[in-house]
Amino acid sequence: MSDRNHVHHERVAVHLRLPVLDSLRAVGALMVLTTHTAFQAGDYLRHGYLGTLLARLDVGVAIFFVLSGFLLSRPWIARAAIGAPRPQASRYYERRLLRIYPVYMMSVAAALLLIPGNDHSGFRQWLSSMFMADSYLNNHLPHGLTQMWSLAVELAFYLILPIIMRLVVKNDWLKPRRLAALLVAMSLISVAWHLKLSDLIAPHTAGLTGIWFPAYLTWFAVGISLAWAHVHLQQGSPRRGTELLRQIGQLPGVCLSTALGLMLIVSTPIGGPALFQVGTAGESLSKHLLYALVGALVVITGVWADPQSRYARIMSSRPARHLGHISYSLFCIHVGVITFVMWITGYGLFEGRGLQIWGLTLLISLILAEISYRCVELPFLRLKTRVSSTPVNANAATTTITADKAN
């Protein structure tokens with residue numbers, strides 16, 4: 001008998017409020033800011049093992065990508081799980097565009113106009129940067145915009161998500177085997193990219209193949225896997241694996257301690273060099289997979305945190321969440337701020353003073369991020385809600401609506 005002939009009702013959230021995830025965005029942004037300031041000071045090589053650990057704080061990007069995989073895929077998976085029509089792709093694309101491009105374009109314009117190293121940027125450079133194509137077309141990134149390669153990767157994920165969701169949904173119903181096959185395929189592409197494909201393509205392009213979208217598919221696949229597990233648990237029929245994930249996520253101390261342990265491991269030679277030297281394919285892959293685990297461990301503390309736990313209360317507090325709200329502007333602005341700090345203080349590259357550079361960069365970046373959030377992000381976030389089929393609070397990671405599940 002067809003599954004559709006058996007109908008019972010369970011509350012399956014299509015969109016839901018997970019406030020800890022807001023704060024985890026801030027954690028990722030602060031990690032990235034810290035690793036970039038440590039680089040400028042030369043601290044990667046000045047403090048031995050601790051210096052390498054500072055270099056590995058670029059794991060914040062893995063946290064971003066796992067979060068994106070979870071938050072963006074979950075509405076598609078939840079709707080498919082209850083047989084509801086999938087989200088409208090045009091509205092999805094409009095909302096993504098309004099979310100990322102206003103602050104991004106402001107940051108690009110500021111960097112290309114104000115940073116001396118970009119004085120000779122021509123029309124081609126402006127066009128490349130505005131369309132997030134620098135890492136695909138050039139062998140270097142503009143001054144003040146070196147972090148934006150990760151937004152180019154995010155953009156690629158945004159573009160293909162509706163397409164890959166169509167592959168795992170048939171007649172508005174989720175096909176778990178197809179989803180599993182898709183996630184395995186994404187991970188295998190990333191593995192192949194680190195081991196061989198990047199090096200094969202590199203001689204035929206001026207781009208930086210090591211930071212192209214295929215290199216990070218595993219991290220997005222982890223987020224999509226967590227989204228599927230979360231929806232499956234909400235359906236009321238947990239399997240051993242998904243129930244274990246929930247139990248682990250309710251132990252944030254264990255998760256974060258394990259993540260720290262993995263960071264200590266990846267800070268050994270297994271993760272490759274800390275600076276610009278090219279590591280082996282094995283080192284690149286080891287670092288990639290360990291970062292995927294760290295990202296998963298951090299994000300599940302926000303997905304399944306006990307709302308009454310001290311961790312959840314702290315991470316759900318208004319100050320912590322507000323840092324998450326302004327974290328996107330913080331991310332876009334901070335590299336340009338580092339350039340300004342180095343110029344105004346007269347500090348030289350790799351000459352130390354890491355704590356001073358970090359403190360000044362953080363302070364100025366937070367001030368500018370707050371201004372950017374209020375004057376640029378919020379107006380466009382409000383506009384974004386008008387193209388959504390469901391009212392969205394601009395200050396929330398998601399909103400809460402539920403639907404009946406038909407089996």
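F213 and F220 are both buried, that is, under 20% relative accessible area, where exposed means over 50% and partly exposed lies in between (1.4 Å probe, protein chains only). The model is predicted: local features need pLDDT of at least 70, side-chain atom pairs count only at pLDDT 80 or more, and totals for chains, interfaces and linings use all residues. Residues are numbered from 1 along each chain as its sequence is written, and side-chain values use heavy atoms, without hydrogens and water.

**Aromatic pairs**
- Rings of Phe, Tyr and Trp (its six-membered ring) pair if their centres lie within 6.5 Å; planes under 30 degrees apart are stacked, over 60 edge-to-face, and the rest tilted.
- The count by this rule is 17 aromatic pairs.
- F39 and F350 form an edge-to-face pair, because their ring centres are 5.3 Å apart and their planes stand at 90°.
- This pair links distant parts of the chain, 311 residues apart: F39 belongs to helix α1 (residues 19–41), and F350 to the loop between α16 (327–345) and α17.
- Helices are DSSP runs (H or I, at least four residues), numbered from the N terminus.
- F39 is buried at 18% relative accessible area, whereas F350 is partly exposed at 35%.
- The rings of F213 and F220 are tilted, with centres 6.0 Å apart and planes at 55°.

**Aromatic cluster**
- One aromatic cluster is formed by F65, W149, F157, F213, Y216, W219, F220 and Y291.

**Helix α17**
- L368 is found in helix α17 (residues 354–386).
- L368 is partly exposed, since its relative accessible area is 38%.

Notes: Helices (H or I, at least four residues) and strands (E, at least two) are DSSP runs, numbered from the N terminus.
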